[in-house]
Amino acid sequence: MSKIATAFEKGNAFIPFVTCGDPTIETTEAVVRSMVAAGADLIELGIPFSDPTAEGPVIQEASTRALAGGVTTDKIFDMVARLRADIDTPFAFMTYANVVFSYGIERFAARAEEVGIDGLILPDVPFEEREEFAPAFAAHRIDLIAMIAPTSEDRIAMIAKEAPGFIYLVSSLGVTGVRSQITTDLEGIVATIRKVTDVPVAVGFGISTPDVAAHMAHLADGAIVGSAIVKIVGAEGAQAAGAVGDYVRAMAEAVHTA
Amino acid sequence: MTNPEGRFGIHGGQYMPETLMNAVIELEEAYARYKNDPDFQAELSDLLNNYANRPSLLYYAKKMTEDLGGAKIYLKREDLNHTGAHKINNVLGQALLAKKMGKTRLIAETGAGQHGVATATAAALMGMECVVFMGKVDIERQALNVYKMRLLGAEVRSVETGTGTLKDAVSEAMREWTTRMADTHYCIGSTMGPHPFPTIVSDFQSVISKEIKEQMLEREGRLPDAVIACVGGGSNAAGTFYHFIDDPEVKLIGCEAAGRGVSTLETAATINTGRVGIFHGMKSYFCQDEYGQIAPVYSISAGLDYPGIGPEHAYLHDIGRAQYVPVTDEEAVCAFEYMSRMEGIIPAIESAHAVAYAMQLAPTMGKDQIIVITISGRGDKDCASIARYRGEDIDL
């Protein structure tokens with residue numbers, strides 16, 4: 001079993017996201033520690049990209065802040081290595097194809113394994129382009145997470161069939177960001193996924209409240225929250241760890257008891 | 001030119017969010033169906049000829065030829081098309097295709113505003129809704145085109161993220177498409193983005209070289225020695241090269257915007273300063289830093305101010321079939337002024353990049369040789385910014 005899968009072993013998983021280096025790498029390190037203490041089951045670490053086409057304004061702005069602050073892929077690898085010294089919670093990177101491609105796919109995968117990364121999410125690498133990335137990450141025991149969207153329809157089985165780790169189910173149309181409601185027939189999509197695989201399904205995009213997170217976790221196996229947390233970091237800046245911890249605690253509790 | 005997976009050599013592909021994959025596949029299937037459909041082609045030809053003013057002239061620039069004292073220079077006058085640029089060729093094709101697919105709304109990105117105006121025009125003609133994304137900086141430097149788009153009934157959305165230029169407008173149009181694809185077609189303006197866009201746009205622009213070839217054979221009884229076009233994403237260049245790719249005696253030359261020079265950071269010369277990467281749905285050459293962050297590029301030309309280049313051009317560069325040369329702001333402005341005075345034709349600042357290189361090349365060639373420069377658009381939209389470049393403020 002991959003380490004990612006262990007995040008779902010005790011029941012529904014709460015998966016928070018943070019943009020690394022926003023506003024500084026030290027802030028991110030403190031935020032991640034506080035997420036772990038607050039009960040996060042798996043943490044998504046965003047490597048900022050200059051032009052994140054799948055993100056809404058909140059994560060776009062965080063990416064801009066982080067890059068302006070001088071964060072680089074190498075500095076983020078170093079941070080993960082420091083966190084891994086005493087944290088066992090699974091980590092997945094979330095970034096864009098060019099960040100990995102430009103670093104060198106094999107070189108990125110090797111370094112990611114070395115520092116203790118367990119999964120990778122690339123929102124601009126669909127099923128059709130997976131083969132360019134998948135073998136290197138598989139060889140380094142990193143799960144290349146597959147994404148399924150409300151528009152996937154006849155593609156669901158193909159994508160889900162050999163998806164490692166967990167499946168990232170995009171809750172609704174559009175880019176990342178808080179939504180007031182989610183109307184997609186997620187139950188139907190989860191049922192289709194279940195026909196071909198047992199890997200856990202976590203729902204992301206638009207989730208911000210404990211109620212919605214609990215509902216999503218109930219429909220699937222976990223909830224992913226990004227923009228709502230990045231917003232807190234944006235508001236609190238270098239002191240964000242405490243407030244993020246409080247938020248993650250409430251969300252994780254709702255998800256775990258769903 | 002593409003293989004079945006939408007690749008041009010290693011370039012191209014479909015690096016898109018899963019949310020858009022079925023929309024892209026739907027487009028691919030619809031295009032495969034209509035591309036060889038005689039009714040569709042007849043309808044498109046009728047629009048091109050009777051609405052957009054095709055075929056465009058192939059004009060012998062006699063004064064310019066004599067002044068430069070070398071190769072004979074012809075101008076392919078895409079600036080005489082309805083809406084004033086080559087962009088209409090692609091837009092009429094895509095709008096018609098979108099309509100056949102049952103779409104009622106077009107979204108587009110625009111840099112200089114020419115593609116936005118063309119899309120707004122086609123939307124008005126075909127009774128479709130239209131939203132154009134345009135960088136904040138470009139809205140300021142292309143006020144006339146912004147007004148035209150609104151006059152034509154389109155909504156112009158200002159994009160304030162990133163550098164507020166063409167690349168940000170593309171990103172924002174892609175984001176908008178992920179929120180709404182059932183009734184919306186993303187009418188991309190250049191030979192870029194995920195497959196099948198580069199192929200579709202190149203096919204719709206290929207009318208340029210089809211006409212050049214016919215007109216040249218009629219006038220000169222032979223093919224030109226070189227065809228020259230400016231390259232941002234690369235659509236007018238792709239159209240100019242298309243029917244000459246298999247004629248090795250015809251040199252294909254693309255002129256990139258070097259901005260303040262290829263040794264500065266203020267440049268948009270992708271082939272000359274970039275390296276292979278993945279962005280905006282495609283693998284190609286991009287201006288980027290060592291970690292793959294896309295560079296904030298610069299050019300006086302809003303239409304060439306893009307950090308990437310279409311995958312077909314990347315491939316033509318790799319195999320050595322086409323040559324891509326950098327042209328600076330200063331050279332382009334000089335060419336803009338030169339052609340205005342020499343031939344009484346005010347070219348778009350984008351097209352002036354091609355003119356500038358032709359001015360260097362022509363004198364090195366024999367009088368029995370022939371160059372064709374594609375004048376991709378007219379320069380009215382650029383008068384205010386060129387005046388400003390020369391230190392004069394005019395109110396337009």
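## Domain contact in chain B

In this predicted model, 28 residues of domain 1 of chain B are in contact with 31 residues of domain 2 of chain B. Residues B:Arg141, B:Lys167 and B:Thr191 of domain 1 lose the most area to domain 2. Together these three account for 25% of what the domain 1 side buries. The size of an interface is often given as the accessible area lost when the parts come together. Between domain 1 and domain 2 of chain B, the buried area is about 2300 Å². Carbon and sulfur atoms give 59% of that area.

Both domains are built from two segments of chain B. Domain 1 covers 20–48 + 87–201. Domain 2 covers 55–84 + 206–389. The C-alpha centres of the two domains lie 22 Å apart.

## What joins the two domains

How many salt bridges are counted between domain 1 and domain 2 of chain B? The count is 0. Polar contacts are present across this interface: the rule finds 9 residue pairs, both residues at pLDDT 80 or more.

On the domain 1 side, the elements that give two or more residues are α4 (87–100), α5 (114–126), α6 (136–141), α8 (166–179) and α9 (197–205) of chain B. Helix α8(B) provides the largest share, 5 residues. By class, the domain 1 side has 11 nonpolar, 13 polar and 4 charged residues.

## The interface of chains A and B

The contact between the chains takes 39 residues from chain A and 35 residues from chain B. The area buried between chain A and chain B is about 2800 Å². Carbon and sulfur atoms contribute 50% of this area.

The rule finds 4 salt bridges across the interface of chain A and chain B. A:Glu129 and B:Arg7 form a salt bridge through their side chains, at 2.6 Å from N to O. On the chain A side, α3 (57–68), α4 (73–84), α5 (97–103) and β6 (146–148) each supply at least two residues. Helix α5(A) gives the most, with 6 residues. The chain A side divides into 19 nonpolar, 10 polar and 10 charged residues.

## Two buried residues in one loop of chain B

B:Asp305 lies in the loop between β12 (281–286) and α13 (311–318) of chain B. B:Ser301 is found in the loop between β12 and α13 of chain B. Is B:Asp305 buried or exposed? B:Asp305 counts as buried because its relative accessibility is 2%, under the 20% cut-off. B:Ser301 is buried too, with a relative accessible area of 0%.

Their contacts beyond four places in sequence can be listed. B:Asp305 touches B:Arg141, B:Thr165, B:Leu166, B:Ala268, B:Val297, B:Tyr298 and B:Ser299. B:Ser301 is in contact with B:Ile349, B:Glu350 and B:His353.

## Salt bridges within the chains

Over all chains, the count comes to 43 salt bridges. One of them joins the side chains of A:Asp22 and A:Arg65, at 2.7 Å from N to O. This pair links distant parts of the chain, 43 residues apart. A:Asp22 sits in the loop between β1 (13–19) and α2 (25–37) of chain A, and A:Arg65 sits in helix α3 of chain A. A:Asp22 is buried, at 2% relative accessible area. A:Arg65 counts as partly exposed, at 31%.

Other pairs lie within one helix of chain B. B:Glu140 and B:Lys136 form a salt bridge at 3.9 Å, N to O. Both lie in helix α6 of chain B, 4 residues apart, about one turn of the helix. B:Glu140 is exposed, at 55%, whereas B:Lys136 is partly exposed, at 38%. B:Glu214 forms a salt bridge with B:Lys210, with the closest N and O atoms 3.7 Å apart. Both residues lie in helix α10 (residues 207–220) of chain B, 4 residues apart, about one turn of the helix. B:Glu214 is partly exposed, at 46%, and B:Lys210 is partly exposed, at 43%. Elsewhere, salt bridges that share partners join B:Arg105, B:Glu129, B:Glu155, B:Arg157 and B:Glu176 into one network.

Definitions and conventions: Residues are numbered from 1 along each chain as its sequence is written. Chains are lettered from A and ligands numbered from 1 in the order in which they are written. This is a predicted model: local features need pLDDT of at least 70, side-chain atom pairs count only at pLDDT 80 or more; totals for chains, interfaces and linings use all residues. Side-chain values use heavy atoms; hydrogens and water are left out. Buried means under 20% relative accessible area, exposed over 50%, partly exposed in between (1.4 Å probe, protein chains only). Contact means heavy atoms within 4.5 Å. Domain bounds come from an automatic or database domain assignment. Buried area is the accessible area (1.4 Å probe) that two parts lose on being put together, summed over both. A polar contact is a pair of N or O atoms within 3.5 Å; within protein, one must be able to donate a hydrogen and the other to accept it, and residues adjacent in sequence count only if both atoms are side-chain atoms. Ala, Val, Leu, Ile, Met, Phe, Trp, Tyr, Cys and Pro count as nonpolar, Asp, Glu, Lys and Arg as charged, and the others, Gly among them, as polar.
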